[in-house]
Amino acid sequence: MKQRFFLLKSRFFGVWQAKGLNNRDFICIIRLLKKDTRESGDLEMKEFQYTIRDRMGLHAQPAGFLVKTTMSFPCKITIIRGAKQADAKKILAVVGLGVKCGQEIIVTADGEQEEEAIKTLKEFFEKNL
C-alpha cells in the first residue's frame with residue numbers, strides 16, 4: 001500500500017509541515033529537496049537532537065534569545081519538531097512550532113560556520129532550555 005503525504009508551507013511563519021510522515025522520513029525528504037550546491041565536498045549538514053526541559057517549552061523569551069544567537073551565523077539554521085520545520089532566524093517561525101516541555105527537536109545547520117553554530121546552539125539549549 002502506498003503511503004501518501006504532502007508538504008505545506010505557511011508563507012507567514014516560514015514553517016514546513018508534512019502530513020502522513022514520521023520525523024525521520026520528513027528529514028530525508030527535506031534533505032533531498034535541498035540539493036547542496038556548495039563547492040566543498042561536504043554534503044552533510046550538521047545537526048543535533050535536544051529534548052526541551054524548560055517547563056514552559058520554547059516560548060517567546062528564549063525564542064528571542066535563540067534568534068539573536070542564530071543571527072550571528074551566516075549558515076542556514078533550521079529547527080525541526082515532529083513533521084514541522086522552521087527557520088531559526090525568524091521568531092514567529094520558532095514560536096509557531098509550539099515546542100512543549102519534553103518534546104524532542106532537531107537543530108540543523110547548513111553552510112558557512114555550521115560547526116561553530118551547532119556548538120554554540122548546543123550550549124545555548126543546555127543552558128536555557
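Which side chain of opposite charge is nearest to Arg81, and how far away is it? I looked this up and found Glu104 at 11 Å, so named because Lys and Arg count as positive and Asp and Glu as negative, with His and the chain ends not counted. Arg81 is buried and has no salt bridge; buried means under 20% relative accessible area, exposed over 50% and partly exposed in between, with a 1.4 Å probe and protein chains only, and a salt bridge puts a side-chain nitrogen of Lys or Arg within 4 Å of a carboxyl oxygen of Asp or Glu.

I note that the model is predicted, that local features need pLDDT of at least 70 and side-chain atom pairs pLDDT 80 or more, while totals for chains, interfaces and linings use all residues. Residues are numbered from 1 along each chain as its sequence is written, and side-chain values use heavy atoms, without hydrogens and water.

I then checked the surroundings of Arg81, and found a polar atom of its side chain 2.8 Å from the backbone oxygen of Leu97.

Next I turned to the strands (DSSP runs of E, at least two residues, numbered from the N terminus). Strand 4 (residues 76-81), which contains Arg81, pairs with strand 6 in the antiparallel sense over five bridges, pairing being at least two DSSP bridges. Ile79 stands opposite Val107 of strand 6. Strand 3 (residues 46-51) is also antiparallel to strand 6, over six bridges, and Thr51 has Glu104 as its bridge partner. Six of the seven residues of strand 6 (residues 104-110) are buried, so the rest of the structure largely encloses this strand.

Key: Helices (H or I, at least four residues) and strands (E, at least two) are DSSP runs, numbered from the N terminus. A polar contact is a pair of N or O atoms within 3.5 Å; within protein, one must be able to donate a hydrogen and the other to accept it, and residues adjacent in sequence count only if both atoms are side-chain atoms.
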